[in-house]
Each structure stands twice: as structure tokens, then as C-alpha cells.
Amino acid sequence: MKVIVIGAGIVGTASAWFLQKAGHEVTVIDRQPGAAQETSFANGCQISVSHAEPWANPSAPLKLLKWLGREDAPLLFRLRADMLQWRWGMQFLKECLPSRAAHNIRQIVAIAEYSRQTLQAVRAETGIEYDAETRGILHFYTDEQEFRQSLPAARLMRELGCPRQTIGADDVVRIEPALAAIRNRIVGGDFTATDESGDVYKFTTGLAQRCVEAGVRFRFDTTITRLLSEGGRISGVELIDEHGRHQRVQADSYVLAAGSFSQQLAKPLGVDLMIYPGKGYSATYEIKEADRAPHVSLTDDGHKLVISRLGNRLRVAGTAELNGYTRELNPVRCEAITRRTRELFPDACDYDNPVYWTGLRPLTPSNVPYIGKTKFPNLFLNTGHGTLGWTMGCGSGRAIADIVSGRHPDVDFAFTGIATREARPPLVTLPART
Ligand SMILES: Cc1cc2nc3c(=O)[nH]c(=O)nc-3n(C[C@H](O)[C@H](O)[C@H](O)COP(=O)(O)OP(=O)(O)OC[C@H]3O[C@@H](n4cnc5c(N)ncnc54)[C@H](O)[C@@H]3O)c2cc1C
């Protein structure tokens with residue numbers, strides 16, 4: 001079967017890899033000149049199955065109110081005259097109900113665990129080098145109350161099978177000695193030895209290269225402007241190719257993996273995806289003193305930052321702003337990241353030459369992605385991976401290849417449009433338009 005995959009981020013590229021393995025003739029189309037040029041470019045690089053708690057949880061509404069209008073808020077809603085943003089916000093509030101949050105955590109842990117195993121298998125099979133570290137993820141707290149409040153989440157993760165161990169401050173520094181400079185401020189932490197980290201860009205571009213060698217075609221610098229439908233099926237895509245020419249191309253099936261932009265491509269078809277962009281920042285520093293920089297991937301709870309060592313670079317990422325599709329760099333946020341990293345690891349890195357970046361997380365209100373079918377029998381979704389697209393990417397690619405091939409994936413997850421024990425809410429549909 002001919003399959004077009006829309007988007008060459010981690011999710012689209014992993015989809016292409018497993019689709020070609022399933023015997024399909026795959027073309028990946030992306031508007032950028034190469035794979036992983038948008039949100040999968042410079043993220044926090046954690047494979048964090050153990051931190052599957054979505055932003056939408058019972059404590060979120062109060063925190064959000066407190067943070068409204070605060071420039072340095074970890075999660076900042078900039079309210080706009082934007083219907084999608086308001087509808088997304090209302091759904092987010094519903095997902096904060098304890099029963100919804102519990103359901104969502106189970107979903108995320110299931111697909112994330114499956115995905116980590118899939119990533120490990122792909123790594124073993126392909127030998128892709130991506131500065132992978134398998135030393136676990138260490139979450140440290142500098143605020144007593146936040147630490148206490150984290151205990152139930154850690155307990156829940158253990159119930160779901162994640163070995164997330166609550167530990168004291170001395171153990172935090174024993175696991176990551178580079179944190180010694182702030183030992184007296186650490187009040188506790190948790191550590192999950194099975195979590196990992198690694199450069200998502202290196203992995204995705206490496207996998208894209210392996211895809212090409214296996215026969216997948218990539219069409220870069222090619223923007224899809226519209227999905228066409230006829231007789232209840234997708235009949236093709238309209239695009240502008242690398243020479244600026246308008247074209248229509250066809251396949252038997254289509255996988256939508258366009259990250260934050262999937263919503264805009266699906267909506268005219270009456271497939272209403274609740275995906276809103278959540279802008280986040282990262283900073284990358286060259287490491288000057290190898291022993292003073294952390295090896296274990298870290299989460300700094302007080303500043304909502306994640307820190308991953310990528311060979312001789314240190315990646316620090318975080319913050320979220322719901323403010324439309326802008327990727328503008330706010331210098332205040334950039335400097336705050338450098339200030340905090342310098343405070344944690346003085347002299348470890350070249351802090352005078354940071355490389356700053358922003359990306360748009362494709363956020364669903366629940367942080368549970370859309371993976372599965374639509375009302376069009378030949379249109380499939382693999383999108384909306386929000387804060388955990390690297391963590392869930394490989395498994396999502398493997399799962400969608402199964403679904404496109406008519407098989408049920410080997411993971412207990414509420415796939416879109418497929419009956420499971422715990423069905424997810426149906427997609428809201430609008431009148432069809434070609
Ligand atoms: C600051 C930050 C830190 C993060 N940290 C982590 C982390 O530590 N761990 C983790 O698991 N996740 C993390 N994430 C989330 C993760 O990066 C994303 O979930 C993931 O990259 C999404 O991948 P994707 O393939 O769905 O989207 P993308 O990587 O954005 O890929 C979508 C592709 O579609 C293409 N496209 C879009 N529209 C069109 C069109 N019309 N025509 C052609 N092509 C199109 C784009 O060019 C793009 O290449 C972080 C995100 C941010 C912003």
C-alpha cells in the first residue's frame with residue numbers, strides 16, 4: 001500500500017520507519033529542508049516514562065490562576081481572541097478532574113513504556129548514535145511543600161509499574177555529584193533508574209537516514225496546503241513543492257503527524273483536533289569542565305526545567321506559554337534559564353555563548369496524543385504528543401504502522417476510533433468540506 005506521512009518530526013519519522021517495515025511504500029512530506037527541524041529539534045531530550053503526570057491535574061487550576069500574567073510563570077496562558085485557545089482551555093479544566101487525570105496518566109504511562117522499549121529495540125537494531133544516556137532521571141526539589149505534594153504522584157507511578165523511588169537530599173547528591181553546589185537547598189528527590197535521555201534531533205535524523213536506505217522517500221521543502229476528500233475518503237494532498245510548484249499527490253493512506261499544525265490541516269475535513277501550541281524554550285551550552293556538569297538527566301522542580309547531558313553539551317529546557325503559533329525568543333526567559341543553570345553548575349559550561357531555541361509542543365488538553373483512525377477510513381492520526389513526544393514517539397510510530405496495516409497494536413491504550421476497554425472521548429466532527 002502507498003502511504004503518505006505528513007511531517008518528519010520524531011513522530012512522523014518513527015511512523016515511516018515502522019510503516020516501511022510493515023511492507024508499505026512510504027513517502028514522508030515536510031515543509032522543512034530536513035527531518036526534525038521544528039519541535040523535535042532541541043527539546044529537553046528526556047525519555048521520561050516516570051514523569052507522565054499531565055499538566056491537567058487537580059492542582060493545576062489554582063496554580064494557573066496564581067500564575068496568570070506572571071512573565072516568569074512555568075505555565076503561562078496569554079489569553080487571546082482565539083476560539084481554539086478558549087475551547088482548549090475549557091477542555092483542559094475538565095481534564096483536571098481527578099477521574100480524568102487518573103485515566104490520562106494511565107494512558108500516557110502505557111504508551112510511554114511501550115515506546116521506551118521500542119526505542120531500545122530500534123537503537124539495538126540500527127546502532128544510531130544520539131548521545132544516549134541510560135543513567136535514569138533524577139528529579140530534585142528545593143521546596144518542602146512541592147516535595148511533599150510530589151509523593152502521591154511518585155506512589156501512583158510505582159503502582160503503575162514505574163520504579164520511581166522517593167529519596168533524601170544526600171541520595172540526590174550521591175546519584176548526581178554535580179549537584180553538590182546546592183546540596184544545602186535540596187530537600188529531597190525521586191529517581192527512576194529506567195528512564196533515559198538522548199538527542200532527539202540526532203536520533204530522528206539518523207532514523208530518517210535509515211528510512212531512506214530502506215526505501216522510504218522524503219520530500220523536503222514541500223508544504224502541504226490541503227487534504228482533499230471525495231466519497232468519504234482522502235483522495236490526495238495539495239502541496240507546494242521545493243520549486244514553488246503547486247501539485248496534487250495521491251496515496252492509498254495518509255498519516256497526519258504534523259505536530260502543532262495537524263489541527264489546521266484536519267479542521268477543513270471536519271476532523272476537529274484539540275491541539276494547541278505550547279511554546280517552550282531550551283538553551284544549549286558547551287561543557288567546559290566535564291566533572292562539574294551532570295551526567296544523569298535531571299528535573300529541577302523549583303524552576304520546572306529539565307537538564308540533559310548530550311556528549312559535550314548540556315541541554316536545559318522548560319517553560320510553557322500558550323500564546324498562539326509564535327516562536328519568538330523572549331530574552332527574559334532565556335536569561336532566566338542561563339542564570340539558573342549557572343547557579344546549579346557554576347563553571348561547568350560556557351555560559352557566555354548559549355544557543356537558545358523555542359519550539360511548539362503539540363498539546364492536547366489531557367497530554368494524551370491522538371493515535372489511530374478518523375471517520376475517513378484512509379486517514380490516520382499520530383499527533384498531539386505535547387510535552388512527551390520524544391518519550392512516546394517510537395512507540396506511537398510502531399502503533400500507527402500496526403493500525404494502518406489492520407492490526408491492533410500490542411499495547412493497552414485508547415487509540416482514537418478503535419474500541420478499547422476505556423474508550424477516549426470521540427472526536428468532535430464538523431460538516432465535511434473538501
Ligand atoms: C522546550 C521543550 C522541551 C521538551 N522536552 C521534551 C522532553 O524532554 N521529552 C519529551 O519526550 N518531549 C519533550 N518535548 C516535546 C517534544 O519535543 C514534542 O512532543 C515532539 O517533538 C513532537 O514531535 P512531532 O513529530 O509530533 O512534531 P514536530 O517535531 O513539530 O514535527 C512536525 C513536522 O510537521 C511538519 N509540518 C507541519 N505542517 C506542515 C505542512 N503543512 N506541510 C508539510 N510539513 C508540515 C513540520 O515541518 C515538522 O517537521 C519538549 C518540547 C519542547 C518545546
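Guide: Let us begin with a single side chain. Contact means heavy atoms within 4.5 Å; leaving aside residues up to four places away in sequence, L19 touches V3, V5, H24, V26, V255, A401 and V404. This is a predicted model, in which local features need pLDDT of at least 70 and side-chain atom pairs count only at pLDDT 80 or more, while totals for chains, interfaces and linings use all residues. Residues are numbered from 1 along each chain as its sequence is written, and side-chain values use heavy atoms, with hydrogens and water left out.

Visitor: Which residues of the largest nonpolar core touch the most other members?

Guide: A nonpolar core is a set of buried Ala, Val, Leu, Ile, Met, Phe, Trp, Tyr and Cys residues joined through side-chain atoms within 4.5 Å, where buried means under 20% relative accessible area (1.4 Å probe, protein chains only). Here the largest core has 56 residues, and L19, V28, F203, V255, W390 and F415 touch the most other members. Among the elements that give two or more residues to this core are β1 (2-6), α4 (98-126) and α7 (200-213); such helices (H or I, at least four residues) and strands (E, at least two) are DSSP runs, numbered from the N terminus. A second, separate core of 40 residues includes W67, F77, M274 and F376.

Visitor: How should I read the ligand site, and which residues come nearest to the ligand?

Guide: A residue belongs to the surroundings of a molecule if one of its heavy atoms lies within 4 Å of it. The ligand has 36 residues around it, of which D30, S40, Q46, G386 and T391 come nearest. Elements supplying at least two shell residues each include α1 (10-21), β15 (276-286) and α10 (389-404).

Visitor: Is Y281 buried or exposed?

Guide: Y281, in strand β15, is buried, with a relative accessible area of 2%. Its side chain reaches the backbone nitrogen of N330 at 2.8 Å and the backbone oxygen of E328 at 3.4 Å.

Methods:
Buried < 20%, exposed > 50% of the residue type's maximum accessible area, 1.4 Å probe, protein only. Polar contact = N/O pair within 3.5 Å; in protein donor to acceptor, adjacent residues only side chain to side chain.
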